[in-house]
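Hi everyone, thanks for coming.

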Amino acid sequence: MFKLMAMCAVLLTAGSVSAQSTPAEITFESCSACHGAAGSEIPAIAGQDYERLIDVLTAYAADADQATIMHRFAVAFSVSEIEGLARYISDLEGMPQ
Amino acid sequence: MTRLNRRSALAVVASVAGSGLLPAPAFAQGKARVVVVGGGFGGASAARTLKEIAPEIDVTLVVDADSFTTCPFSNLVIAGEIPLSQITFGYGGLAAAGVEVRRGLATEIDAARKVVVLADGEAIPFDRAIVSPGIDLDFEAIPGYDAAASEKLPHAWKAGAQTILLRDQLAAMPPGGTFVMSVPNNPYRCPPGPYERASLVAHFLTNTNPTAKIIIVDGKDSFSKQALFTEGWDRLYPGMITHVPFAENAGVLEIVPERLEVVTAFETFAGDVVNVIPPQRAGAVSLRSGLADGGDWCPIDQATFESPFAPGVHVLGDAAIVGDMPKSGFSASVQGAVCAHTVVALLRGAPAEGGVLLNTCYSFVAPDYGISVAGVYRTDPDGRLKSIQGAGGTSPTGADDVVRQSEADYARGWYSTMTQQIFGMGPRG
């Protein structure tokens with residue numbers, strides 16, 4: 001019986017990981033409205049390097065240059081949120097060019 | 001151990017739920033079905049995202065036309081810059097993605113029976129419904145302005161035939177004529193839209209009818225991106241556009257279609273072309289189904305989009321009161337995608353995670369002169385979707401041509417990417 005319970009607990013944990021979306025995945029739905037496809041002035045970002053994404057987002061958060069909307073977004077995110085987003089985006093398959 | 005994909009994770013949850021350790025998700029009783037009402041940005045985005053993240057769910061999208069013409073970029077059509085076909089999208093891409101597209105008019109969302117009723121009598125059952133019907137124009141709000149009057153004085157606030165009507169009236173306006181716009185108080189669809197329209201009409205007239213005038217009769221004193229618009233108007237169209245704030249007109253009392261007049265408490269404005277954008281309310285099916293609780297817009301749980309008046313029914317887009325988010329196509333598409341994640345979690349018996357929601361509204365002051373306002377939204381401890389202070393905001397005033405050109409380019413990039421992702425035939429990334 002204990003064995004069965006333990007197995008259920010493992011399954012429950014494993015299942016709950018994938019049965020719901022992560023905050024980064026949900027937040028990325030807003031990013032992909034502009035960055036979800038290649039071929040425009042706005043770069044597609046799926047599959048980009050994790051460290052590079054962190055550098056770029058951190059620079060946008062710090063830099064008040066208002067030539068794009070990215071500073072206005074990035075300034076709202078915590079370090080851990082930026083890391084979570086960068087991890088999610090870098091794990092995506094790259095967009096078809 | 002190999003990583004679980006979504007399908008195997010689902011099987012695990014269903015089997016554990018069957019053993020009584022979890023609240024029974026809809027899947028435990030068979031295949032879950034979600035019915036989405038509304039084929040605009042909100043509904044189509046929700047349907048597409050549902051099918052993408054949970055292919056095992058049956059998704060039916062109820063649409064009232066064979067295609068959708070976007071309000072974003074419709075002012076470029078009015079100004080003769082692009083054809084209507086460039087902003088019109090069919091539902092073939094959604095069908096190819098596995099969404100069952102049902103052409104019909106939804107007349108009622110019945111939360112008690114868990115069915116969406118169509119005008120042809122069919123009742124489509126659902127485990128959860130997502131309702132994104134957009135706006136209806138309130139043809140009872142201004143005396144003299146009804147549906148018949150809108151054939152002579154177009155609103156062009158639902159894109160399509162009305163857009164073409166206004167475009168053709170503008171092109172035929174006599175030399176030195178007057179283009180009058182009547183703009184409502186908040187809330188309404190696309191807060192900066194009327195001022196983008198005035199800008200692009202001015203762009204068209206500057207090239208074709210340079211002594212013509214534009215008068216904006218406004219139901220409010222200040223408006224979205226006002227400093228940026230007026231800076232652009234002074235620079236590109238000096239003397240052509242007059243904005244009459246509410247304080248200087250005290251409200252529209254009447255429209256007189258036969259004389260092309262907008263009558264306000266202080267003054268009567270006669271035009272050669274008159275564009276009346278009337279007050280608006282949530283789409284009829286939502287009001288008829290009690291989702292607005294007697295009001296004009298639908299309150300929701302701002303973390304899950306679920307209606308407090310209809311369990312299992314989620315409402316989003318222009319029809320809903322979604323915290324501080326504006327009624328925009330960008331907002332609706334993001335809300336549709338986020339709501340899809342929530343609905344899938346609820347159907348799987350898992351707690352719904354939250355994320356950050358973003359909005360951007362680009363406007364064209366001229367085809368090569370773009371400006372923007374952005375917002376970042378989080379659910380606060382009281383469950384309200386609040387705009388984050390210190391983030392978001394508008395483009396800078398006083399910027400150079402390079403900045404304005406780049407924002408016009410970004411506007412086109414956003415539009416093509418978003419419409420391709422929601423309506424496109426190709427694979428989503």
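**Cysteines, helices and a sheet**

Let's start with B:Cys71, which is partly exposed, since its relative accessible area is 21%. On that scale, buried means under 20% relative accessible area, exposed means over 50%, and partly exposed is in between, with a 1.4 Å probe and protein chains only.

Quick housekeeping before I go on. This is a predicted model, where local features need pLDDT of at least 70 and side-chain atom pairs count only at pLDDT 80 or more, while totals for chains, interfaces and linings use all residues. Residues are numbered from 1 along each chain as its sequence is written, chains are lettered from A and ligands numbered from 1 in the order written, and side-chain values use heavy atoms, leaving out hydrogens and water.

Back to B:Cys71: what is its closest cysteine sulfur? That's the one in B:Cys190, 7.7 Å away, which is too far for a bond. Over in chain A, A:Cys34 is in no disulfide either, and the nearest cysteine sulfur, from A:Cys31, sits 9.1 Å off. A:Cys34 counts as buried because its relative accessibility is 7%.

Now the helices; these and the strands are DSSP runs numbered from the N terminus, H or I of at least four residues for helices, E of at least two for strands. In chain B, helix H2 (residues 41-53) and H9(B) cross at roughly 35°, and their axes come within 7 Å. Axes here are lines fitted to C-alpha atoms, for helices over the stretch in contact, and angles run from 0 to 180 degrees between N-to-C directions. Among the residues that meet are B:Ser45 and B:Thr49 in H2(B), and B:Gly336 and B:Ala340 in H9(B), where contact means heavy atoms within 4.5 Å.

H9(B), residues 329-347, also packs with H10(B), residues 401-423, at about 35°, with axes 12 Å apart. There, B:Gly329, B:Phe330 and B:Ser333 of H9(B) meet B:Trp414, B:Met418 and B:Ile422 of H10(B).

Last stop, the sheet. Three strands of chain B make an open antiparallel sheet in the order E6-E7-E8. Strands E6 (106-110) and E8 (123-125) are at the edges with a single partner strand each, so one side of each has no neighbour in the sheet. E6(B) and E7(B), residues 115-118, pair over 4 bridges; strands count as paired if DSSP finds at least two bridges between them.

Conventions: A disulfide is a pair of cysteine sulfur atoms within 2.5 Å.
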